[in-house]
Amino acid sequence: MSIHIHNISKSFGSFNALKNVDLEVKTGELVALLGPSGSGKTTLLRIIAGLEFADEGAGSIEFHGSDVTNRTAYERKAGFVFQNYALFNHMTVAENIAFGLRVMKRPERPSREDIDRSVTELLRRIALEGYGNRYPTQLSGGQRQRVALARALAVGPQVLLLDEPFGALDAKVRKTLRKWLRQFHDETRVTTLFVTHDQDEAFELADRVVILHEGHIQQVGSPAQLRENPENEFVADFLDSVMI
Amino acid sequence: MAAIILHQHRSRPRKATSESPFSRWLIIGIAVVFMALMFVLPLVVIFQEAFRKGWEGYMEAFDDRATTHAIWLTLQVAAITVPLNTLFGLAAAWCVSRFQFRGKRLLTALIELPLWVSPVIAGMVYVLLFGAQGLFGPSLKEHSIKIIFALPGIVLSTIFVTFTFVARVLAPQMEAQGQAEEEAAMTLGANGWQMFWRVTLPKIKWGLLYGIILCNARSMGEFGAVSVVSGHIRNKTNTVPLHIEVLYNEYQFVPAFAVASVLALLALVTLILKTLTTTPRGAA
């Protein structure tokens, strides 16, 4: 599913987090939102998910051609993976993953057996078979991260949004999970956006990288394009400084 | 040499903030004596007086229509007040912890109002509003609705006094927990109701229970506010605390203390439940 963001602005009080942002993400793409902290990347991701609403005005957001600007998060059902995972600590891993299926309206809700089957299948895909009865607090950071991802994927979202997905993990786990996510994306081809402040991560994983600074999109392009043709001083500077 | 090493081994390193043994024992001693005099001794006295004429004398105190009626009335008041204030408290805590709005600080202050306003004033306000000479007095009389000197008045003033407990416990807790889990539930397609029952409530249940226990204890024990609106009509509007005062003023010491011991027991049970609900248990 494609995402079309047109002229979105967002202010918190007198602070302008986003200013006239335009962005198009094609179906099946893996896109990174890259920028220093405070650049507005998480705000943009939350606006796409419907967890935050853009300032009233000209802006609009379309999911696959249909306008979702005024839809709530609950209606948009974009898969969202939170920075600190936001797992339900009072539920087991299996219950966490099944949550999205269990809250469906009765006519759409799969049967108990089907839910169990999907949960088992997802546990297998995140390499956590046999962990279904554990609680999130009994898992390592990398395992929680995968559970959060499985929970988001269980409802079969057409967009996957990840906020600093590897931010809280140590370097080694981060590398492994990165590879795993890329592979996972190649298999499923779910349109994916992820926020990061780590240039390596963005360049290694993404098809295209969006560079944000002070609420403005500075440049959008493939890793190669960005490296070879930085459009402005900030992009050149930012990429350079992180490269060292 | 060996002695020096031994000495070093024995004396624990003193933290910069720790007191000398003397002042430590002095402070603990004062606290213990104070607690014994102010809390434990009165409790002992209550039970001692209540059992002055033995177990039978104690039980006799409850074999009295006015007493059983007072207990029944108090249970009724609590049964109405506690659920309502649980709802109000949840709503207020939700409001304060989840939304930014103008007047939020005023609302936060209002939640604590019952703690710094004398309960007598709480009672007086309702008399001025709903009493015979009050603002709504005439129209209430016209429709023959009785609020003051009746159950509604007692409930109203008890609600006023005990409103604060659930909200005060929950608001800081909900603020600290943040709402990432609620947001996660929303992106997974849960509606507001499902979000509350499946995600929010399990997170706050211990705090909520704690608030409810405190609210219940206070609603059964409230004297001042209820005293103003109830009119002290025996067998009609006397709650347990008011009834104890009546018994005491009539020099019926054993019954007075016997009934008082019930409230004291309630306090002890509350204390135990409070400890149970606040001890960290799988803090997850």
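Chain B has a radius of gyration of 25 Å, whereas a compact globule of 284 residues would have one near 19 Å (the radius is taken over C-alpha atoms, and the globule rule is 2.2 Å times the number of residues to the power 0.38). The model is predicted: local features need pLDDT of at least 70 and side-chain atom pairs count only at pLDDT 80 or more, while totals for chains, interfaces and linings use all residues. Residues are numbered from 1 along each chain as its sequence is written, and chains are lettered from A and ligands numbered from 1 in the order in which they are written.

The C-alpha trace of chain B spans about 95 × 65 × 30 Å along its principal axes. Chain B contains 14 helices and zero strands (DSSP runs numbered from the N terminus: helices are H or I, at least four residues, and strands are E, at least two). Of the 284 residues in chain B, 35% are buried, a term that requires 20 or more other C-beta atoms within 10 Å of the residue's own, with C-beta atoms placed from the backbone.

Turning to the interface, 22 residues from chain A meet 14 residues from chain B; contact here means C-beta atoms, placed from the backbone, within 7 Å. On the chain A side, α2 (73-76), β6 (79-81) and α3 (93-102) each supply at least two residues.

Within chain A, A:I126 sits in the loop between α4 (112-125) and α5 (141-154). A:I126 is buried because 21 other C-beta atoms lie within 10 Å. Beyond its neighbours within four places in sequence, A:I126 contacts A:R146, A:V147, A:L149 and A:A150.

Note on methods:
Contact = placed C-beta atoms within 7 Å. Buried ≥ 20, exposed ≤ 12 C-beta atoms within 10 Å, placed from the backbone.
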